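Grab a viewer and work through a few exercises on the structure shown here. Each one sets a task and then walks through a solution.

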Amino acid sequence: MKRYELIAPCHFGMEAVLKREIIDLGYDVTEVTDGRVTFLGDAEALCRGNIFLRTAERILLKVGAFHAETFEELFQGTKSLPWEEYIPVDGKFWVAKAGSVKSKLFSPSDIQSIMKKAMVERLKDIYHTNWFSEEGNSYPVRVFLLKDEVTVGLDTTGESLHKRGYRKLTAKAPIAENLAAALIMLTPWNRDRILVDPFCGSGTIPIEAALLAANIAPGMKRRFTAMDWEEVVPEQVWRDALEEAQEMVKPISDVDIQGYDIDEKMIAIARENARLAGVEHMIHFQRRDVAQLSHPKKYGFLITNPPYGERLEEKAALPALYRTLGERFALLDTWSLYLITSYEQAEKEIGRRADKNRKIYNGMLKTYYYQFMGPKPPGRK
C-alpha cells in the first residue's frame, strides 16, 4: 500500500496524549507541533486512525507543503500539488477551512478562494476539461499557514472525531468527547478503580470512561468522508479495520463508574446518551447535589468538568460551589480529584494546591486541568 503523511489535530495541550495513542496503534510519529501530531501510515492507518483514536479531532491526508508569502506563491504552490492522485473528475472539492498564524497571508476567505482556483486550474489540465460537475464524492481540503509555511491536507474524517454518534442530547456547556477521553487518559484510572463525575451533565466523562474500560473504539458507530474514496482507500480496508475494532471489545459488567448531577433532566439525558453508546449497563447515574458527594469505597477518582462561571448568573455561585467540592473531597481521604476549569480561584476555594496543573485550550477558552493526587492503593498479592 502507498504510504502517506497523516496529520491528526487535537486540543492544544493534549499533543502528548495523542502521540502516545498513535504510537500504541503501531505508527511512527514524525512531528509534534501545537495542536497537531503527524505520523506515517498507509490506507489502513488512515482507517484505523479515524476509528481508534480517542483524542484526535480528525485525520488529514497530507497532500503537500510549500512556502508562500504572496497570493501568487500560494496559487502556484497549490497548483503544483498532485490533486489528481486523490480527486476524480467528478469529485466535489473545496477548501473547507484555512488557518493562519504569524504569516503574511492571513485572510481565510482569500486563501480559500485562491487555493480553489489553483486546484481547478491543475485539474483542468489533467482531465482536459473546462468545467467540473462536482456531483461525485466530497474531498474537503484544510490548510494551515504557520510562519509562511503552508501545509495542505485532505480531510478524511468529515464531522469532527469528537462526534462519536452517541451524544444526541447535550448540557448547556458540554465537554467535547475527545477532550473528555484525554482527561481520563491523563490519570492513572483503570477499570478496576472507582470513577465518579459529580457534575456529569450529559454524561460525557462517564461514557468515555466506560468506552475505555470496555475497549470500544470511539469511531465504530459513525461514517467518515474517506469511506467514499475508493481510489484512495478500498472498501475492504475499512471493513477489516471495523472488524478489528469489533474483536477488541471486552464486555464487562463489574466496573464502578458513576455520574451525578443536580438537574434531573441532565440525568435523563446522560442515561439516554449512555444507552446510545451501548454502555448504559456500566454506569450508574443519579440526581445528587455536590454537597451530598460521598462514597464508602477507597482509592477512587473524581474526574469532572464543573461550571466555569462563563455565564454571568453562574459567577456568584462559583466560590461556594468549589468550596463545597473541596470539603467533600477532603472527606474522601484516599481519593484523587482531577478537574478542568477556567475558574482562576479553583485551588483557593478547594483549599489545597494541585499536585499538577496543565494548561489546555478548550476551543478558544484557556482552562486548567488541576490534578489532586491521592495515595496509591496497597499492592495486591
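Predicted model: local features only at pLDDT ≥ 70, side-chain atom pairs only at ≥ 80, totals over all residues.

Residues are numbered from 1 along each chain as its sequence is written, and side-chain values use heavy atoms, with hydrogens and water left out.

**Exercise 1.** Work out how much of helix α6 (residues 204–213) is buried, and what the buried residues pack against.

*Solution.* Start with the terms: helices (H or I, at least four residues) and strands (E, at least two) are DSSP runs, numbered from the N terminus. Buried means under 20% relative accessible area, with a 1.4 Å probe and protein chains only. Next, run down the helix: T204, I205, P206, I207, E208, A209, A210, L211 and A213 are buried. That makes nine of the ten residues, so α6 is largely enclosed by the rest of the structure. Then look for partners: the buried residues of α6 pack against α5, β8 (195–197), β9 (257–261), α8 (264–277), β10 (283–287) and β11 (301–304). Finally, step off the end of the helix, where N215 takes a positive phi of about 55 degrees.

**Exercise 2.** Decide whether E177 is buried or exposed, and list what it touches.

*Solution.* First, locate E177: it sits in helix α5 (residues 177–185). Its relative accessibility is 3%, so E177 counts as buried. For contacts (heavy atoms within 4.5 Å), skip residues up to four places away in sequence; E177 then touches H162, R164, Y166, R167, T204 and E208. Two of those, T204 and E208, are among the buried residues of α6.

**Exercise 3.** Find the largest nonpolar core and the residues with the most contacts inside it.

*Solution.* A nonpolar core is a set of buried Ala, Val, Leu, Ile, Met, Phe, Trp, Tyr and Cys residues joined through side-chain atoms within 4.5 Å. The largest one has 60 residues, and L74, W83, V143, V152, L154 and W238 have the most contacts inside it. Its largest share, seven residues, comes from helix α4 (residues 108–127). Apart from this core lies another, of 41 residues, including Y166, A180, A182 and A209. Now zoom in on V152: beyond its neighbours within four places in sequence, its contacts include L61, V63, F66, L81, W83, M115 and V143.

**Exercise 4.** How many cavities of 30 Å³ or more does the whole structure hold, and which residues line the largest?

*Solution.* Set up a 1 Å grid over the protein atoms alone; a cavity is a set of points where a 1.4 Å probe fits but cannot get out, and lining residues have an atom within 4 Å of a point. Grid points are joined across faces, edges and corners, and a volume is the space filled by probe spheres set on the points. The search finds one cavity of 30 Å³ or more. The largest cavity has a volume of about 100 Å³, and R164, G165, Y166, L211, I216, A217, P218, M220, K221 and A277 line it.

Methods. Buried < 20%, exposed > 50% of the residue type's maximum accessible area, 1.4 Å probe, protein only. 1 Å grid on protein atoms, 1.4 Å probe; cavity = no way out; pocket = protein on both sides within 12 Å on 5 of 7 lines; lining within 4 Å.
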